[in-house]
Amino acid sequence: MAWLMTDPSKMRLRFAPSPTGSLHIGGARTALFNWLLVRGAGATLVLRIEDTDRDRSTPENVDQILDALKWLELDWDEGPIFQSDNAVRHQEVLVSLLDAGLAYRSLATADDVRAYKDQHGSERGFRGQDDGEGAVRLRVPEGASIVDDAIRGETRFEHVHLDDPVIARADGSVLYNFAVAVDDHDAGITHVVRGDDHLSNTPKQLLVFAAMGATAPIYAHLPLLHGPDGKKLSKRHGAASVQELRDDGYLPEAIRNYIALLGWGTDDDETLLSTDELKRRFGLDHVSKSPAIFDEKKLRWMNGRYLRELTLEDLTARLELFTGRTGLAGAVEISREKIQTLADFWPLVGFVFDGPAEDQAAWDKTIGAPGAVEILAEVRSALAAVAEFDVDTVQSALRAIVEERGVKPNAVFQPLRVAMAGTTISPGIFETAVLLGREETLSRVDRALERGEPQSSAS
RNA sequence: GCCCCCAUGGUGUAGCGGUUAGCACGUCAGGUUUUCAUCCUGGAAGCAGCGGUUCGAUUCCGCUUGGGGGUACCA
């Protein structure tokens, strides 16, 4: 574990999203890995907003990212630092590099660079000349940069292949690869844990560190996250942002567990790991190098597991927040075994509060079936006659009818279910009746009976 | 085009020269069951290909193929 310091609590990591959109699952995973490392070692996490792209960075996006991190319960110790707030310091470094001849101003445009390559071969990097004006380019020296990555080992980048990178626009505003290096240095960052898409950028940043005469941090590049089609995760892949995951009814703790397993695993290959266990066990040494595909099916399963481990009170509170309704405890109790996400709840038991759903196919199949109305009428009188209206008495009353008529349980249960719920899918039939209460149950059965009489003779 | 990274079933992973290649999701077949789920049991399914190195390669090396990233006065 060469990446670990002798005193892990001295580590300073950072999560540095760029606010060009909402927080992606990939970004969330990067944030989680940083957070896990820090919280497991008692180290420090710095949040920095990389907003040097003035066109795409918006306050709304910043809020979205902060909101997403908060919802995922990933906190930080310093920041948020806005990269744009460090403009003065960036200029200072820029000037010193210019003065030292380590950087120069050039009028060369992207087209010029392309033309240069067409002429000199694309394996040879562009070297500009000092025009005294224009964009600022860093002078790439001879030799090579070696990125000693904590996850991938050493990667060598020959400088000949690198263009002299533009580190500041003609107007003086700085560019990403320059700003990151300066900011990481200023913040005393010891470990940079980020997506693999930055590996190729690392030599440029290393060059900036060298120009500043500073020591670069330890880098660790995480494998990227892909969608089910193997392509880079994007909006097309359904729930791609943290907000969407929240709206789809996933629990933050389940998401943490699931995405921790994307690109990382334990030696015993455990699947269900609490956040505390994650903090304790997570380390860079078990991070894989190959990209992982985000599989919502597994998340669903895992979410269901977490859902069922919540206390009734906790789950009810979350469901009330999610649906905006109150007084849900009873419905939660009878449906918690049947749902995998918070979003599954209302479609399953909403009928209890909003009345039976309208489902003609379900009706035709059950109450519309021959003899069903007669059975339902018998169910009605049995439920009206029962002394106490609880799960046991309701159950025995209904089972008595099954016995007596010698029919399949479904012949009795399904018509009642559809009378109460409007559909063939609902929580347990006895529990549902008890939750509705005798009065409401009978009234729904009556309505079904009324509707069933003329229809059964008509059809 | 050029530079770089990656490669165990459909998916996530365990494995770190000798294993009947394990686990989880999904899937299929049963069981439990009042629907839907849950839960239980069992099955199918994998080391991308080709060369080396080695007594022996999923494991080490090279090539090919495939995927991905970078190559911006984006981040």
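Contact means heavy atoms within 4.5 Å. That cut-off applies in each view of this predicted model.

**View 1. Helices α11 and α13 cross.** Helix α11 covers residues 312-323, and helix α13 covers residues 342-354. Their axes lie 10 Å apart, at an angle of about 80°. That angle makes α11 roughly perpendicular to α13, because angles of 65 to 115 degrees count as roughly perpendicular. From α11 come Leu 315, Arg 318, Leu 319, Phe 322 and Thr 323. They meet Leu 342, Ala 343, Phe 345 and Trp 346 of α13. Seven residues of this contact are nonpolar, one is polar and one is charged.

**View 2. Val 349, a buried residue of helix α13.** Val 349 lies in α13. Is Val 349 buried or exposed? Its relative accessibility is 0%, so Val 349 counts as buried. Beyond its neighbours within four places in sequence, Val 349 is in contact with Ala 331, Ser 335 and Pro 427. Ser 426 is 77 residues away from Val 349 along the chain. Yet the C-alpha atoms of Val 349 and Ser 426 are separated by 6.6 Å.

**View 3. Helices α15 and α17 cross.** Helix α15 runs over residues 372-385, and helix α17 over residues 409-421. They pack at an angle of about 80°, and their axes are 9 Å apart. So α15 is roughly perpendicular to α17. The α15 side of the contact holds Ala 372, Ile 375, Leu 376, Val 379 and Leu 383. The α17 side holds Ala 411, Val 412, Pro 415, Leu 416 and Ala 419. How many residues of this contact are nonpolar, polar and charged? Ten are nonpolar, none is polar and none is charged.

**View 4. Helix α2 and the elements around it.** Helix α2 has 13 residues, 59-71. At 1.5 Å a residue, α2 should span 18 Å. Its end C-alpha atoms are 18 Å apart, which agrees. Which residues of α2 are buried? They are Asn 61, Val 62, Ile 65, Ala 68, Leu 69 and Trp 71. These buried residues pack against strands β1 (12-15), β2 (44-49) and β3 (78-82), and against helices α1 (25-41), α7 (242-247) and α8 (252-260). Just after α2, Glu 73 takes a positive phi of about 65°.

**View 5. Gln 83, buried in a loop.** Gln 83 sits in the loop between β3 and α3 (87-99). Its relative accessible area is 0%, so Gln 83 is buried. What does Gln 83 touch, leaving out residues up to four places away in sequence? It touches Arg 48, Ile 49, Glu 50, Asp 51, Thr 52, His 90, Ala 179, Val 180 and Asp 183.

**View 6. Helix α6, mostly covered.** Helix α6 spans residues 202-212. Eight of its eleven residues are buried. Those eight are Thr 202, Pro 203, Gln 205, Leu 206, Leu 207, Val 208, Phe 209 and Ala 211. Just after α6 comes Gly 213, with a positive phi of about 70°.

**View 7. Confidence, and a stretch to read with care.** Chain A has a mean pLDDT of 93. Of its residues, 97% reach 70 or more. The predictor gives the complex an ipTM of 0.95 and a pTM of 0.94. Over residues 455-459, pLDDT stays under 50. The model has two contacts beyond four places in sequence for this stretch. Where pLDDT is low, the predicted coordinates should not be read in detail.

Conventions:
Residues numbered from 1 in each chain as written. Chains lettered and ligands numbered in written order. Predicted model: local features only at pLDDT ≥ 70, side-chain atom pairs only at ≥ 80, totals over all residues. Heavy atoms only, no water. Helix = DSSP H or I, 4+ residues; strand = E, 2+ residues; numbered from the N terminus. Expected span 1.5 Å × (residues − 1). Buried < 20%, exposed > 50% of the residue type's maximum accessible area, 1.4 Å probe, protein only. pLDDT = per-residue confidence, 0-100. Axes fitted to C-alpha atoms, helices over the stretch in contact; angles between N-to-C directions. Parallel < 35°, antiparallel > 145°, perpendicular 65-115°, else oblique. Nonpolar A, V, L, I, M, F, W, Y, C, P; charged D, E, K, R; others polar.
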